[in-house]
Amino acid sequence: MNNSETLLAIENLRVSFRTYGGSVRAVRGISMSIGTGECLAVVGESGCGKSVTAQTILKLIQGPSAEIDGSIRFEGQELLNLSEREMKAIRGSKIGMIFQDPMTSLDPTMQVGKQLVEGIREHYRRIRSKEARKRVVEVFGRVGIPEPERQLKRYSYEFSGGMRQRAAIAMAVVCHPKLLIADEPTTALDVTTQAQILGLIHNLKEEMGTAILLITHDMGVVSNMADRIAVFYAGQVVEVGEAEDIFYSPAHPYTVALLRSRPRLDLDRKQCLVSIPGTPPDLFAPPPGCAFAARCGSALEICRIKQPRAFELRKGHETACWLYHEKAGAKHGYPTRERLEEGRCHDF
Amino acid sequence: MAIRRESVWKRGDAMISEAVHPFIEARDLKLYFHLAGGSLLKAVDGLSFSIPAGGTMGLVGESGCGKSTTGRTLVGLYHPSGGQIFFKGQDIETLDRTGQREFTRQAQMIFQDPYSSLDPRMTVGDIIGEGIDIHRLYSGRMRMERIWELLNMVGLDKEHANRFPHEFSGGQRQRIGIARSLAVEPSFIVCDEPISALDVSIQSQIVNLLMKLQQQLQLTYLFISHDLSMVKYICDRVVVMYLGVIVEAALSDELYQSPLHPYTKALLSAIPIADPRKERARQRTLLQGDVPSPIDPPPGCRFALRCPLSAKICREETPCLREISPGHVVACHLV
């Protein structure tokens, strides 16, 4: 943790969904925190619980089928105990959210400008429409929508993908939230548009001091944005640390494999692509030991039996992997950065 | 995995004109869609390229640039509005019925979305066997054995033949799609974004599988993708498209090391690198705006509106592809 104060603290969060086929344990004991003005990136594959975590923060996951347990404290306030009405006051004004698909997060039957004005007036009843519209024009300009005044009256389907995502970002930041949750904000976009949107989110963070929870599956996307990174696997945090720790001295075999499973543009073509055999575990019946053990080349006997606790490698860099237990490490060797950069394939 | 790297592309194969023995070749390929209201959407507008046997050509560009349309036209899913396709030196338009049939067997396709490209009501065995039946390659016991062999080849079990697609994960479905395309013993496969719908850890499995199969079966690939780092890894030669035309083509290493067209440069600099220190030190040329509509594209260079360097000539005259160094062609007035 940087010496900034904690804005959001998640403690042992568990979310499961009851279905006809049994209970899916989507999030299985996640703890993490975000400091004021900090960018925490959550990286993981689909089904690892990253989006469920994000939606639970805003209490978008509710209802009889979901069981939520644990604690989410925002500015010291426990969110899980709040009523729907109290939650409404937080959504949009203190915590904003950008969704993956801007086509579905904007109302197609409503003018884009109106949607933003609605958001402002919901939180600040005393602001007049005219005043609110002025603010919308200003925020449209800020997110790089050309001719903002003209765009207010248009509908989302008249916008291109990049423009829609800009409008969605404008909607998320129009009330100056302290925390912005961006759930795969660029996955649906082309690379050139992705670069524009990432640059925009980066600037908003610098200018407005907004803390960001950036959710993605792409290590490249986070490399320029994240202060800290949490790697998710099968509903748990397997490794968390400063961005530099994760990129240059990844500890968990899954993190190492994730970094090596994508070819890098800046490296020579002879680089080897690590493929992780198998598929993530079934969360209806998660394995008793480490969730990654079945796919891990360095798995020990204990990995299949008992869940690893988090081992602290240095301040702020933790990993949940038995290889870092004092009795294991010396014998088996760590998947270190040196091994990573040698560029040879390990049998992960 | 050992990676095949001695290239079938000889440096100096002038790829737009004549590669020595092109396996498949497109000459001035055009595909227009007539839209309601009489306007014309020029999805592919005069594409020429060739792929030698056993080669892998990458086709990259942003969405809407016509790369998937090109792939579909090449395997005969669309009838070209103009230009020719040569398969093993023969114009596919001039083939007789048997020849046509043979071409459709030899040219296969792997689709982007493994969820919508498999019929949910057919068993995996029938999905794979359909092509075998149509081309009357095997029957009875032999057919079943062939299906099991194919499943094995793509890393699935023979028990999977009796299951339905919904019982499989995305990566496994893509393996089924690959087995289906291999069932008719093709020599040329168009891979249309075969990995973009998959998770990161599964993507590398599929890519490694495709490369292994290429080596085993001497396949020729056209690899369509918007993922430039993956294309760099897989392809020997890369063609960059923008709004239906080729803007640059070169051997893979050369294109990534010394891109010439401003669009290629911008595309490459937009890709994030998973290395924070390098990423911070990078100089970016960010493109403004989005790809304009391919309906009535602007006169002159199609990229001129977004090009940071565009001059007067760019908005007036359409640039032609010129060979800058052996095998490296670019369509830009300013290079």
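These questions and answers go through a predicted model with chains A and B.

Residues are numbered from 1 along each chain as its sequence is written, while chains are lettered from A and ligands numbered from 1 in the order in which they are written. In this predicted model, local features need pLDDT of at least 70, side-chain atom pairs count only at pLDDT 80 or more, and totals for chains, interfaces and linings use all residues.

Biologist: Over which residues of chain A is the pLDDT below 50?

Modeller: The pLDDT is the predictor's confidence in each residue, from 0 to 100. Chain A averages 87, and 92% of the residues score at least 70. Where pLDDT is low, the predicted coordinates should not be read in detail. The stretch below 50 is residues 337–348.

Biologist: Which helix of chain B gives the most to the side that touches chain A?

Modeller: The contact takes 37 residues from chain A and 38 from chain B, two residues being in contact if their C-beta atoms, placed from the backbone, lie within 7 Å. Several helices of chain B each supply at least two residues, among them helix 7 (228–234) and helix 10 (276–281); helices are DSSP runs of H or I, at least four residues, numbered from the N terminus. With six residues, the one that gives the most is helix 6.

Biologist: Is S201(B) buried or exposed?

Modeller: S201(B) lies in helix 6 of chain B. Leaving aside neighbours within four places in sequence, S201(B) is in contact with E45(A), A257(A), L258(A), S261(A) and I276(A). A residue is buried if 20 or more other C-beta atoms lie within 10 Å of its own, exposed if 12 or fewer, and partly exposed in between. Because S201(B) has 25 C-beta neighbours inside 10 Å, it counts as buried.

Biologist: How is helix 8 of chain A set against helix 9 of chain B, parallel or oblique?

Modeller: The axes, lines fitted to C-alpha atoms over the stretch in contact, with angles from 0 to 180 degrees between N-to-C directions, come within 8 Å and cross at roughly 55°. Angles under 35 degrees count as roughly parallel, over 145 as roughly antiparallel, 65 to 115 as roughly perpendicular and the rest as oblique. Helix 8 of chain A is therefore, to helix 9 of chain B, oblique.

Biologist: Which residues of helix 4 of chain B meet helix 3 of chain B?

Modeller: The two helices pack at an angle of about 115°, with their axes 10 Å apart. From helix 3 of chain B come G125(B), I128(B), G129(B) and I132(B). Their partners in helix 4 of chain B are R143(B), R146(B), I147(B) and L150(B).
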